[in-house]
Amino acid sequence: NALLDLGRFQQAISDYEIVLKEEPANVKTRVNMAIAYSSLRNFAKAEEEFAKAQRHGRTYADLYVNRAIMYFETQQYAKALPDYQRYLELKPDDHQIYNDMGVVYNVMGQYQKAVESFTRAINISPVKDYYRFRAQAYEKLGNTSAAQQDRRMAQ
């Protein structure tokens with residue numbers, strides 16, 4: 001994991017492979033290996049490792065959030081959403097992930113769902129950026145008064 005943190009992804013993968021020979025069902029190691037592959041932009045291999053991890057650890061929340069991030073980065077938004085939702089089933093109070101989902105909905109043009117997601121994030125933690133993002137979604141919906149109110153809250 002230290003190698004992963006240092007950006008030495010190929011070395012990290014080599015070490016993860018050693019661990020997985022001994023413990024093929026080690027979900028955390030598989031997820032970290034998938035992150036390393038994703039960081040190397042080898043998304044096919046990353047997706048394969050995430051799938052293997054999921055077979056062994058359906059309740060490991062970090063699996064879903066990290067795969068969702070990969071999907072977001074590769075602009076596969078429709079694939080990111082179910083993983084964000086699964087993560088939130090496991091960790092329902094994570095305001096940052098509600099915000100991330102709102103961003104995905106905004107990008108997809110699903111502004112009402114974006115508003116709902118940003119609202120959930122705000123209800124958990126009223127971060128100024130969440131108001132700013134929700135204002136953008138309100139603006140796209142033509143609700144300028146709600147957008148203005150959120151911009152004031154963001155100041």
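The legends below describe close-up views of a predicted model.

**View 1. The surroundings of Tyr84.** When neighbours within four places in sequence are left aside, the residues in contact with Tyr84 are Val65, Ala68, Ile69, Phe72, Ile97, Asp100, Met101 and Val104.

**View 2. Asp94, a buried acidic residue without a salt bridge.** Asp94 lies in the loop that runs between α6 (77–90) and α7 (95–107). Although Asp94 is buried, it has no salt bridge, and Lys91, the nearest side chain of opposite charge, is 6.5 Å away; a salt bridge would require a side-chain nitrogen of Lys or Arg within 4 Å of a carboxyl oxygen of Asp or Glu. The side chain of Asp94 is, however, joined to that of Tyr87 by a polar contact of 2.7 Å. Apart from neighbours within four places in sequence, Asp94 is in contact with Tyr87, Leu88 and Ile124.

**View 3. The two sides of helix α10.** In helix α10, which covers residues 144–154, the buried residues are Ala146, Ala147, Asp150 and Ala154. Seen down the axis of α10, these buried residues fall within an arc of 100 degrees, and therefore they line one face of the helix. The buried residues of α10 pack against α9 (128–141), whereas the face turned away from the buried side carries Ser145 and Arg152, which are exposed.

Methods. Residues numbered from 1 in each chain as written. Predicted model: local features only at pLDDT ≥ 70, side-chain atom pairs only at ≥ 80, totals over all residues. Heavy atoms only, no water. Buried < 20%, exposed > 50% of the residue type's maximum accessible area, 1.4 Å probe, protein only. Helix = DSSP H or I, 4+ residues; strand = E, 2+ residues; numbered from the N terminus. Arc of directions from axis to C-beta. Contact = heavy atoms within 4.5 Å. Lys, Arg positive; Asp, Glu negative; His and termini not counted. Polar contact = N/O pair within 3.5 Å; in protein donor to acceptor, adjacent residues only side chain to side chain.
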